[in-house]
Structure formats: structure tokens, C-alpha cells
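User: I am new to this structure and would like a short tour. Could we begin with how the chains meet?

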Amino acid sequence: MNRLFDAPVFGLSQHEKSGLLLARLNELTQRHAQGCPAFANILSAFGWGQASTYQELPYLAARLFKLAQWQSVPQEEVFKVLTSSGTTGTPSRIVLDRDTAALQSKVLVKILQEFVGKQRLPMLLVEQPALIQNRSGFSARGAGALGLSFLGRDHTYALDEQMRPNWPVIEAFCDKYAGQPVLLFGFTFMVWQCLLEPLRERGLQLPLTQGTLFHSGGWKKLQHLAVDNPAFKQRCHEQLGLSRVYNFYGMVEQVGSVFVECEQGHLHAPLFADLLVRDPLTHRPLGIGKPGLLQVISAIPQSYPGHSLLSEDLGVLLGEDDCPCGRLGRYFHVSGRQQGAEVRGCSDTFQ
Amino acid sequence: MQRHFPVIRSDAEDAIWQAGPEVAFVAPVIGWQGFVTRPQPSFAPVIGDFVAALSARLQQEGRENPDLAAFGFWLRPRQIEVQRKRMAGRAPLGMVFHLVPSNVPTVAFYSWIMALLMGNGSVVRLSSRIDPVQEAMLTILNELFSLPEWQEIASRTRFIRYDHDERVTAWLSARCRLRIIWGGDETIGRVRAIPLSPRAQEIVFPDRRSMAMLDSQWLANLDAAAWRQLVAALQQDFTRFNQQACASPTTICWLGTPDSVLRRRLLEAVFAPFADSPALMMERLINCQQNAALDGQMQQETFAGVTLLTPTASLRLEHIGGGTVAEFVADTLDELLLQPWDMQTCVWVGPDKMRLEYALQLSPCCRIDRVASPGQALAFEWLWDGIDMLVACSRQLTRIE
């Protein structure tokens with residue numbers, strides 16, 4: 001694990017990286033088999049064991065975390081339970097122990113420093129302050145903001161409790177840091193709905209010309225408003241003054257895998273995480289250029305068997321070690337979500 | 001001596017209903033106003049005529065809505081006449097309150113028709129999930145309910161929707177004479193906690209599963225035409241409604257070890273409708289992993305469209321459907337029937353269905369309520385889970401010999 005932290009985040013070739021990562025992932029498989037009998041049963045029924053390639057890694061369906069709680073640590077070691085902020089259906093529950101939570105913060109900082117440097121910058125979070133203060137009801141949104149908050153200083157929450165722009169606070173932040181390097185963070189839809197739109201309605205522009213925005217959370221809600229990535233960037237430039245806007249991809253079910261979009265618009269796998277694409281009809285691995293389901297792998301989850309997950313997100317592997325941005329490793333594109341099936345038994349008279 | 005009965009009773013009751021709970025009315029699209037709880041005689045002529053008209057109208061749906069067309073065919077007048085004779089001497093109960101599931105959209109109408117034929121009015125609570133087949137049926141019913149000749153039916157029918165609100169369920173439960181709860185088990189438990197009127201009866205249909213028994217030897221000797229016919233029939237049984245219906249088999253038992261080529265050929269052919277669905281492939285992975293989490297020794301095999309699991313600890317898989325199927329092999333029928341099966345339907349794929357039906361009478365530990373021929377698993381029948389629906393929706397008058 002230490003070797004992983006010492007190596008450059010985007011500087012190892014896929015060959016070197018996958019060797020390091022596989023050793024760690026096999027270690028995690030073994031750890032979870034010992035700590036989580038249900039996972040051990042799945043390994044045995046699927047004939048899974050130690051892997052010599054990514055393709056041989058065991059994987060759980062990411063949706064299983066909505067259906068049951070999976071953990072490989074005793075209850076007394078549970079430090080916090082993340083829940084997904086999904087608007088539909090049951091939330092996922094992700095069990096973290098202290099070590100895993102610490103690792104998560106550490107890798108998040110390491111990854112994002114690659115984009116903003118090591119200096120801790122003043123930070124504007126497009127969030128409501130209550131979210132962070134209320135630590136018992138941890139949503140993934142709060143955790144994301146919290147994990148990221150290590151990167152900044154003078155944390156300022158741009159929204160009030162009702163998710164409306166807190167104008168005096170925003171104004172004070174801009175007065176203090178106009179034209180200086182600052183960090184902004186928010187969920188894509190919230191940045192749009194709770195900041196960019198209110199600014200437009202008021203005809204306001206913020207002077208954050210040296211700022212960097214990280215945003216994540218999917219485009220589904222914005223698709224309804226016909227907003228795509230270029231349009232989003234354009235509006236950030238017009239209304240916030242930002243020229244550096246980074247989308248990133250990740251899911252609450254897998255801590256540690258944060259894939260940030262580069263200047264070319266490609267999502268990059270950092271040292272601690274990687275990505276495979278599988279055929280949606282057969283779940284067999286696919287190569288570069290073939291669209292399919294994304295399987296995400298991460299070196300971080302120690303407290304629950306989530307180091308290798310088959311998601312229901314669709315995407316395509318674009319290449320390895322050869323992105324024009326210069327970052328090594330795999331890079332890819334996410335295109336959307338696979339449609340769910342209506343598979344329900346009789347148990348739903350009351351739905 | 002008093003020579004007149006007091007009147008008013010029905011007026012008072014109508015007034016109570018007009019102040020009934022707030023719900024959405026989907027067929028007919030009116031309020032509680034005009035709702036009549038007084039029954040008609042069982043199989044009253046207007047009921048027979050209405051069901052005949054509905055049957056004819058549904059059969060026009062043909063290819064567009066094969067489920068409705070099949071339902072219409074089943075309700076054809078000749079069938080109804082047989083039931084009318086069978087139910088001679090029986091009388092209605094009163095208002096029937098139905099709580100129906102969303103997994104099979106036509107069950108709501110089946111349940112309603114059973115109550116209607118016996119003369120009862122109905123309040124049918126539909127799930128909030130909008131289903132195209134159900135919507136098509138409601139449109140047809142509203143067409144018919146708008147005609148003057150069917151007002152006696154329309155005034156005794158309310159298809160409604162409301163959110164999970166126990167007060168509404170309680171209000172209706174206190175005023176019905178029969179409550180029919182279609183599962184699952186959790187819903188039954190919840191609704192059962194809500195008191196019924198002391199005069200009301202209750203029927204429940206809990207979660208059930210179904211199976212198919214396949215005679216390996218018989219299958220091996222089928223000619224090409226019979227094979228094609230069988231595959232089409234089994235496709236209907238196994239894959240309609242994404243295998244969600246209780247009557248769709250989710251367990252397969254081979255009588256005699258099947259040849260591995262034949263087994264694969266049959267399963268891939270039957271489950272072909274699932275083979276091009278990525279969503280169902282994901283469902284199978286999830287079901288499979290959930291089952292495996294409970295049983296590490298479980299055997300599994302995956303073909304296009306179907307995942308076969310053989311649990312080692314139980315006859316029953318916790319998570320099924322969408323092409324996730326439990327599979328067993330037995331040498332003889334006797335051996336198979338020693339197992340404590342609890343099945344609503346068994347599709348018999350072999351030479352002699354009667355053989356199984358006879359054997360079941362001698363196997364009290366094994367509960368299989370119904371034996372169906374291939375293609376008939378999902379067909380509506382007058383018995384459901386071994387309950388005679390028309391009998392359950394009525395009472396027996398003293399026989400006049």
C-alpha cells in the first residue's frame with residue numbers, strides 16, 4: 001500500500017500500475033473473504049480466487065449495496081456509514097472503518113492536488129452548511145464535500161439551509177478572493193440549479209477568474225434541461241469567471257475511485273483505482289473502444305468488499321498511456337446509465 | 001299492527017359513501033357519488049350481457065394487447081354459461097374490496113370479474129405503478145361504463161388508486177363484505193392488521209412459486225414440429241411478465257438426467273426472450289450473488305437468457321426471477337414428490353399429465369395446487385391457489401331439490 005502512495009498518481013504506465021494494484025487487490029479479496037462470510041460464499045460459488053489479471057478479479061454488482069449491508073469489519077470498528085443521496089429508491093449503505101475513511105481522504109487529496117497544486121486554497125462549497133455539521137446523517141454528498149475539504153481552507157458554504165444562494169456570504173468570499181486562486185466544489189446539478197441559475201436570474205457575474213471548480217454527480221437531471229458538459233463549462237466561465245472546470249466520476253459504493261476529467265475531456269484512472277468495461281449481455285470483458293458496463297476497482301475499501309464492483313453505468317475505454325494530456329494509465333468516457341428492468345414479485349401491492 | 005317497513009336504509013348508506021375517503025377514481029372516472037353497494041342476483045342477465053360485451057371488445061385487442069385478448073377469450077359466453085350452471089343456488093355477499101398486485105396487470109380485472117359474476121359490487125385498489133396493459137383495460141372499461149346499458153355495472157364498480165394510507169384501507173375494510181388481498185406476504189400482514197367488519201370474509205393470496213417438471217426421455221424423442229410447439233408454449237410460461245407472475249415456473253426439475261446438449265438447447269430456446277436484455281442480465285447477476293451469499297456450495301451455470309442454480313441447503317432460492325432459476329434432477333416422480341414442495345403451479349412437460357395429478361393425491365406433504373400443460377401456466381382459471389373464486393365470492397342458499 002505504501003508503494004502505491006509513493007508512486008506518482010498519473011505517472012505509471014498501465015503495465016507498472018496494474019502490477020502494483022493487483023497485488024493490493026488480491027490482498028483485499030483475501031481480507032474480505034475472511035471478514036465477510038457472505039463474500040466468501042460468493043467467491044466459492046463463482047469459483048473466484050486470486051487474480052493474475054484485472055479480468056479475473058471477483059466483482060460484486062454495485063446494486064447489492066442497496067439490498068444489504070456488506071462489511072468485513074466487526075461492528076465495533078465501524079466508524080461511519082455512508083449513504084447514497086440517490087433521489088430514487090433505496091439508498092446504498094457503505095460501511096467505513098477509521099482506516100478506510102482515512103485512506104479515502106488521503107487519496108482524494110492526492111488525486112485532486114494533481115489538478116490544483118499542494119497549496120491549500122480558499123474554498124467555496126456549493127452546499128448547505130448544515131450538511132457538514134450534522135455528522136450523524138452522513139450522505140455521500142456530505143462525505144464528498146468533507147473529503148474534499150481537506151484540500152482547502154476558509155471553507156465557505158455558498159447555500160443556506162433552504163438550498164438558496166447565501167448572497168452576503170458569496171459576496172464576502174468574492175470581495176476577499178477576487179482574482180486569486182480559489183477552489184470550488186459542488187454537485188453538478190446543484191451548481192447549476194442553486195448557483196448558476198440564480199446568478200443568471202439576477203444578472204450577476206462573480207470574479208473568480210483564478211478559481212478551479214470540481215463537480216460530479218451525473219448529467220441525468222441536466223439532460224432534461226438540455227445542458228451538456230460544454231454548455232455547463234461555458235456558463236461557469238460566463239457567470240463565475242472560471243476557466244478551470246473539472247468534472248469527475250465516482251460512486252459512493254466505491255470509496256477511492258475518483259476519475260477526473262482532463263483538458264481533453266477524458267476521465268483518467270488514478271494510481272489507486274482502475275476501470276474495466278464488460279459486455280452488458282454477457283458480462284465478458286471488452287477492449288478499448290467497445291462500449292459496455294463499467295467495472296470499477298479501487299485499492300481503498302478495506303472495511304467492506306467493494307474493491308471491485310460492476311456498476312450499471314455505461315461507458316467506453318478510450319485508451320491506455322496515450323492521452324494527449326500526458327497522464328498515463330487508462331482513460332475513458334461515461335455515456336449514461338443502463339435501463340433497469342421491472343422485475344418484481346407479488347410483494348408490491350402497496351407501491 | 002305496523003304494515004309498512006321503514007324506508008331510508010339505502011339513502012343513509014349512500015350518504016355515508018358520498019362522504020367516502022379521498023382517492024383517485026380511474027374507472028369509472030367519477031367520485032363515490034352514485035356508488036351502489038346493493039348486490040344484484042348472481043349471474044343476473046345484465047351481468048352476463050356485460051361480460052359478453054367486454055369479452056368481445058377485449059378480443060378485438062388481438063395483437064396489440066395479447067394479454068387482454070386472451071382474457072377476453074377466456075370470458076367468452078360459452079364459458080360463462082358453464083359457470084352459471086355450476087353456481088346455481090348461490091347468492092352474492094355484498095361489496096367486495098380488492099387489493100391487487102402490480103406484477104401481473106390483469107389480476108385486478110380477474111379479481112373484479114369473479115366478484116361481479118356472483119353479483120357483487122367492487123372497490124378495486126390498483127397499485128400506483130402505471131402499466132400499459134392495465135391502462136388499456138381501464139380505457140376499454142371506461143368506454144363501456146359510459147354507455148347507458150351498463151350503468152348497473154358501472155354504479156357497482158370503483159377502480160381507485162391511493163397512496164399507502166391505512167385510514168382509507170380501514171374505511172373500506174369496515175364497509176365491505178369480502179376483502180381479497182393479493183400478496184405479497186408483507187402486504188397481507190399489514191392489511192390483516194386492519195380490522196374488517198365483523199360480517200366480512202377474507203381471502204388472501206400470499207407469495208407463491210411455481211415449477212416445471214420435464215421428462216428428459218420424452219423430450220429426447222420429440223420430433224421437430226412438436227419441439228417448436230413446446231418451446232413456444234414454455235416461452236409463454238417462463239418469460240411472460242419477466243417471470244414475475246406467481247404461476248411462472250422458477251424451479252425446474254428434470255425427471256431423469258437430461259442429455260447436456262438437449263438441456264442447453266431447450267433452456268436457451270425457452271429463455272431466448274431474455275437473452276437480448278442487458279437489464280435482465282444484471283438482475284440475474286444480482287439474484288445469483290444474493291443467493292450465493294447464503295450458500296457457498298451452490299452450483300451455477302449460465303446460458304444466454306438464463307442462470308441455473310442448484311442450492312445445496314434448501315429447495316428454495318431466496319432470489320429468483322428474470323431468468324434466475326433453481327434446477328434439480330430426480331430419477332423418478334416418486335422421489336421428486338417426497339420433497340416438501342410448496343408450489344402454486346407445476347407445468348408438466350411429459351407424456352401423461354394425469355400421472356402427476358394422481359400421484360399428487362397420494363403425496364400429502366407435497367403441496368402443488370395445480371398442474372398445467374405447457375403454455376397454460378399463466379392462463380386464468382376458476383380456481384386460484386386451490387380456491388374456487390366464484391364460491392369464495394358468494395354464499396350457498398339452501399338447495400331446493
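**Contact between the chains**

Analyst: In this predicted model, 40 residues of chain B are in contact with 30 residues of chain A; two residues are in contact if their C-beta atoms, placed from the backbone, lie within 7 Å. Residues are numbered from 1 along each chain as its sequence is written, while chains are lettered from A and ligands numbered from 1 in the order in which they are written. Local features need pLDDT of at least 70, and side-chain atom pairs count only at pLDDT 80 or more, whereas totals for chains, interfaces and linings use all residues.

User: New topic: what is the domain assignment of chain B?

Analyst: It gives domain 1 (9-207) and domain 2 (210-372), with bounds from an automatic or database domain assignment. The C-alpha centres of these two domains of chain B lie 33 Å apart.

User: In what order do the seven strands of the open sheet in chain B come?

Analyst: The order is β10-β11-β12-β9-β8-β14-β16, with mixed pairing; two strands pair if DSSP finds at least two bridges between them. The edge strands of chain B, β10 (299-303) and β16 (371-372), each pair on one side only.

User: How many bridges join β9 to β12 in chain B?

Analyst: Five bridges join these parallel strands, residues 249-255 and 324-330 of chain B. Trp254(B) has Val329(B) in β12(B) as its bridge partner.

User: Now chain A. Why does Leu309(A) count as buried?

Analyst: Leu309(A) counts as buried because it has 23 C-beta neighbours inside 10 Å. A residue is buried if 20 or more other C-beta atoms lie within 10 Å of its own, exposed if 12 or fewer, and partly exposed in between, with C-beta atoms placed from the backbone.

User: Where is Leu309(A) placed?

Analyst: Leu309(A) is in strand β14 (residues 308-320) of chain A. Leu309(A) and Ala61(A) are 248 residues apart in sequence but 5.7 Å apart in space, C-alpha to C-alpha.

How values were computed. Helices (H or I, at least four residues) and strands (E, at least two) are DSSP runs, numbered from the N terminus.
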